[in-house]
Amino acid sequence: MTDIVDALRQILGDSAVLTGEDVVARATSYWDSSPMRAKAIVRPATTQQVSDVLNVCHEAGQHVVTHGGLTGCVQGSHSNDQDIVLSLERMTSVEEIDTISHTLTVQAGAVLETVQNEVASAGMFLPLDLGARGSCTVGGNVATNAGGINVIRYGMARALVLGLEAVLPDGTILSSMNKMLKNNAGFDLKQLFIGTEGALGVVTRVIFRLQPQPTTRNTALAALPDFEAIPLLLNHLKSTIGASLSAFEVMWGNYFRAVTEPGWHKAPMSRDHSHYILFECDGSDPARDNDRFMEVVEQAFEKGIIQDAVLPKSEAERRSIWSIRDDFEAIVSVKPVFLYDVSLPISSMKAYVADVEAKLEALLPTARLFTLGHIGDGNLHFFVQGHTDDPAARELSDRSVYEPLAAYSGSVSAEHGIGIEKKGWLAQSRSAEEIAVMRQLKHLFDPNGLLNAGVVVDQ
């Protein structure tokens with residue numbers, strides 16, 4: 001231990017290498033408040049320092065686990081007493097906002113919300129957005145191919161990345177800092193590091209594609225009578241507002257009621273509806289966008305799709321409504337609670353949720369299920385409160401969610417990734433041939449299995 005830690009101190013300086021009490025004072029993750037475990041936490045400030053750290057660890061056969069904002073949901077950043085944790089918390093610079101090329105160049109440790117605000121102050125817009133914006137880092141967003149609330153219009157993180165810089169497990173720096181939208185000069189190597197959860201290398205810098213800042217933003221929270229009204233409303237919005245629809249979030253009634261219980265969020269409408277949809281449109285025509293949005297909402301009323309709706313009159317009201325969707329502390333405060341992230345066709349969702357409910361009733365009858373999701377892009381999230389001390393509760397809950405999914409050819413991960421937690425279920429969504437190629441890529445880039453070992457696939 002002393003040798004490798006001393007070597008890392010020589011590279012980074014004493015203040016950039018944490019050991020002992022400085023390690024255990026940190027929580028394992030947002031989801032796990034237990035003390036962090038690691039031989040040391042190293043905090044490089046540049047890509048070159050990341051390279052030096054990985055090179056030393058590679059030569060010493062030392063396992064390394066990368067850390068961003070620790071908001072991941074699949075145990076992809078869990079470490080043990082023998083691991084070196086490589087944290088990018090000092091690599092937070094917004095290097096360039098190019099308002100001509102519409103690009104952002106940023107270090108991977110920057111917090112997403114901080115970056116969003118800097119981009120907005122320059123009159124531009126970074127579409128990447130998710131509930132963990134105040135803690136998650138852009139490097140983690142890229143490594144997990146994060147989704148979030150704007151996917152229906154702008155796509156996943158992958159669609160926003162023009163270029164990146166990454167460090168391979170042996171310390172080799174691979175720089176693909178491309179700012180062009182079109183570049184077919186050989187293999188697009190950046191794709192190897194987007195969505196691969198740090199298994200093949202550490203993303204250190206990113207170039208994102210930006211959009212002009214919207215000049216109008218219209219939001220509505222609508223109450224619907226049943227699930228069947230959801231695709232009707234989605235089709236209505238797509239056929240009227242079209243490309244300006246940027247978010248379409250669903251909350252099942254039990255989720256809405258749980259987060260608006262006394263002491264939590266204030267309910268802006270009746271709490272006894274079947275489903276609630278939070279939808280938003282961004283535009284650039286103040287003279288028309290607001291009136292058109294109102295007209296479209298009124299049409300949905302006339303067609304009987306919507307039973308009630310609330311349209312915020314200020315940014316404070318808008319944020320209050322969004323907090324109902326984003327802040328689920330009322331649910332996760334009841335332990336144990338298990339979080340799931342799946343995707344499947346919208347046409348199959350009602351039947352699938354019913355199957356999950358039936359499976360839970362049979363396998364874990366003490367459980368309570370809460371459902372929400374980015375339904376416009378086929379993504380559902382579940383919270384399962386176990387209400388039991390049974391150590392088998394997690395396994396029974398997993399079976400209840402994932403086993404019925406197979407009948408609908410869905411994915412066990414829509415946007416959170418596989419990490420370590422879902423690895424046993426990966427074969428339900430990927431063929432044996434696909435998993436074999438994943439293993440081959442891992443072995444090619446990291447033959448000794450030292451970087452983020454066991455994440456996504458075993459070697």
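How many salt bridges does the structure hold? The answer is 29 salt bridges. The model is a predicted one.

**Salt bridges**

Side chains of opposite charge can pair when their charged atoms come close.

| Salt bridge | Closest N and O atoms | Relative accessible area |
|---|---|---|
| Aspartate 6 – arginine 9 | 3.7 Å | aspartate 6, 33%; arginine 9, 26% |
| Lysine 190 – aspartate 188 | 2.8 Å | lysine 190, 9%; aspartate 188, 39% |
| Glutamate 434 – arginine 430 | 3.4 Å | glutamate 434, 34%; arginine 430, 41% |

Take the pair in helix 1 (residues 2–12). Aspartate 6 and arginine 9 are three residues apart there, so about one helical turn separates them. Aspartate 6 is partly exposed. Arginine 9 is partly exposed as well.

Lysine 190 counts as buried, because its relative accessible area of 9% falls under the 20% limit. Aspartate 188, at 39%, is partly exposed.

Glutamate 434 is bridged to arginine 430. Glutamate 434 is partly exposed, and so is arginine 430. Elsewhere, salt bridges with shared partners link Arg217, Glu280, Asp282, Glu315, Arg318 and Arg319 into one network.

**A nonpolar surface patch**

Which residues form a nonpolar patch on the surface? They are Val437, Leu441 and Leu444. Together they have about 260 Å² of accessible area. Leucine 441 sits in helix 14 (residues 432–445). Its relative accessible area is 30%, which makes leucine 441 partly exposed.

**Cavities**

The structure contains three cavities of 30 Å³ or more. The largest cavity holds about 40 Å³ of space. Its lining is made up of Leu54, Cys57, His58, Gln62, Val64, Pro169, Asp446, Leu450 and Leu451. Helix 3 (residues 47–60) supplies the largest share of that lining, with three residues. By class, six of the lining residues are nonpolar, two are polar and one is charged.

**A loop residue**

Where is arginine 90 found? Arginine 90 lies in the loop between strand 4 (84–87) and strand 5 (94–98). Its relative accessible area is 37%, so arginine 90 counts as partly exposed. Alanine 110 is 20 residues from arginine 90 in sequence. In space, the two are 8.4 Å apart, C-alpha to C-alpha.

Technical notes
Residues are numbered from 1 along each chain as its sequence is written. This is a predicted model: local features need pLDDT of at least 70, side-chain atom pairs count only at pLDDT 80 or more; totals for chains, interfaces and linings use all residues. Side-chain values use heavy atoms; hydrogens and water are left out. Patches are made of residues with over 30% relative accessible area and no salt bridge: like charges are joined within 9 Å, nonpolar side chains (Val, Leu, Ile, Met, Phe, Trp, Tyr) within 5 Å. Accessible areas come from the Shrake-Rupley method with a 1.4 Å probe; for residues, only the protein chains shown count as cover. A salt bridge is a side-chain nitrogen of Lys or Arg within 4 Å of a carboxyl oxygen of Asp or Glu. Helices (H or I, at least four residues) and strands (E, at least two) are DSSP runs, numbered from the N terminus. Buried means under 20% relative accessible area, exposed over 50%, partly exposed in between (1.4 Å probe, protein chains only). On a 1 Å grid over the protein atoms alone, a cavity is a set of points where a 1.4 Å probe fits but cannot get out, and a pocket is an open set with protein on both sides within 12 Å along at least five of seven lines; lining residues have an atom within 4 Å of a point. Grid points are joined across faces, edges and corners, and a volume is the space filled by probe spheres set on the points. Ala, Val, Leu, Ile, Met, Phe, Trp, Tyr, Cys and Pro count as nonpolar, Asp, Glu, Lys and Arg as charged, and the others, Gly among them, as polar.
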